[in-house]
Amino acid sequence: MILEIFYYLKEKNIKKKLVELSVILPCYNECKNIPIIVERFSELINKNQSIEVIMVNNGSNDDSKKILNKLAKYNHFLKVINLKKNLGYGGGIHRGLIEASGNILSYTHSDLQTNPNDILRGYEILKKQKNENVFLKGLRLKRPLFDQFFTVGMSIFESLYLGKFLWDINAQPNIFPKSLLSEIKEFPKDFSFDLFLFYIARVRGYKVIRFNVDFPKRIHGQSSWNKGIKSKIKFIKRTIRFTIDLNKLIK
């Protein structure tokens, strides 16, 4: 019995050490999308056992918790974090990053608008880089014209105001070494998380690599914030306020 426990703990420790890439997926009321995205990751991770997927149930009030807990029993790569209340987009990602075992981290949405294969593709690109300080970020294709106009306007403003080239800031996925998070004491809890981390990478001189990704429409559910022109205006206002504060903080 003691010997069996020893080998169990040894095997568990070996699996933990094999994790190279941690993928964080915050989810809020995505119960219909969760089984699909876990299945897609399962197909990929069977070929690459060094990946873990951390799904952060960010205070959902649908069946997300029930479904995630059930899926975690049958998928060894899946870690589940159930939060009692919603911590915001950035807050959910940060909670997942804290639990990550890999030296390479990635995060993206759990709404199926990011293909899991794009994460693996970006990871392979990163591994080929001799420079350890590399920040990979998707570059979205096939988006509606109005969304492209919105992205261009925000990108120009952020780049000029912050003095760093920042383009398609909210593109997914994001892939980077864990070292990027060092010495950061506070993280934004809202959608400015993407801008914050992208800007930190630029300020610290990381080599930024962009790679093309498709950005299809949702299969199930709807965005928790992108519900029309009014929501975009609110997003712009929040982003501008955060940009001003971020500029003061860094300087």
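Let's start with a cysteine: Cys27 counts as buried, at 1% relative accessibility. Buried here means under 20% relative accessible area, exposed means over 50%, and partly exposed is in between (1.4 Å probe, protein chains only). The sulfur of Cys27 is 9.9 Å from the closest cysteine sulfur, in Cys31, and that's too far for a bond. Cys31 is likewise in no disulfide, with the sulfur of Cys27 as its nearest cysteine sulfur, 9.9 Å away. A disulfide is taken as a pair of cysteine sulfur atoms within 2.5 Å, and by this rule the count comes to zero.

A word on the model itself. It is predicted, so local features need pLDDT of at least 70 and side-chain atom pairs count only at pLDDT 80 or more, while totals for chains, interfaces and linings use all residues. Residues are numbered from 1 along each chain as its sequence is written, and side-chain values use heavy atoms, with hydrogens and water left out.

**The whole chain**

The protein chain has eight helices and seven strands. These are DSSP runs numbered from the N terminus: helices are H or I with at least four residues, strands are E with at least two. Of the chain's 251 residues, 49% count as buried. Contact means heavy atoms within 4.5 Å. Take the contacts in the protein chain with a separation of 6 or more: 81% of them come from residues 24 or more positions apart. The accessible surface comes to about 14100 Å², and carbon and sulfur atoms hold 56% of that. Those areas come from the Shrake-Rupley method with a 1.4 Å probe; for residues, only the protein chains shown count as cover.

Where does β5 sit, enclosed or out in the open? Six of the eight residues of this strand (residues 134-141) are buried, so the rest of the structure largely encloses it. Strands pair if DSSP finds at least two bridges between them. With β7 (residues 207-214), β5 pairs in the parallel sense over eight bridges; there, Lys137 has Arg210 of β7 as its bridge partner. With β6 (residues 174-177), β5 runs antiparallel and is joined by two bridges. Leu136 stands opposite Ile175 in β6.

**Helix α3 and its two sides**

Helix α3 (residues 64-74) has Ser64, Leu68 and Leu71 as its buried residues. Seen down the helix axis, they fall within an arc of 70°, so they line one face of α3. The face turned away from the buried side carries the exposed residues Lys66, Lys70, Lys73 and Tyr74.

Ser22 lies in strand β1 and is buried, with a relative accessible area of 0%. Leaving out residues up to four places away in sequence, Ser22 touches Glu52, Ala100, Ser101, Gly102, Ile104, Leu105 and Ser106.

Asn48 is found in the loop between α2 and β2. Asn48 is buried as well, with a relative accessible area of 15%. Not counting residues up to four places away in sequence, Asn48 touches Leu120, Tyr123 and Glu124. Asn48 and Leu120 are 72 residues apart in sequence, and their C-alpha atoms are 9.2 Å apart in space.

Most residues other than glycine have a negative phi, and most peptide bonds are trans.

| Residue | Phi | Relative accessible area |
|---|---|---|
| Asp168 | about 50° | 3%, buried |
| Glu183 | near 65° | 78%, exposed |

Asp168 has its place in the loop between α6 and β6, and Glu183 lies in the loop between β6 and α7 (193-203). Then there's the peptide bond from Gln172 to Pro173, which is cis, with omega near -5°. Pro173 is found in the loop between α6 (145-162) and β6.

Methods
Arc of directions from axis to C-beta.
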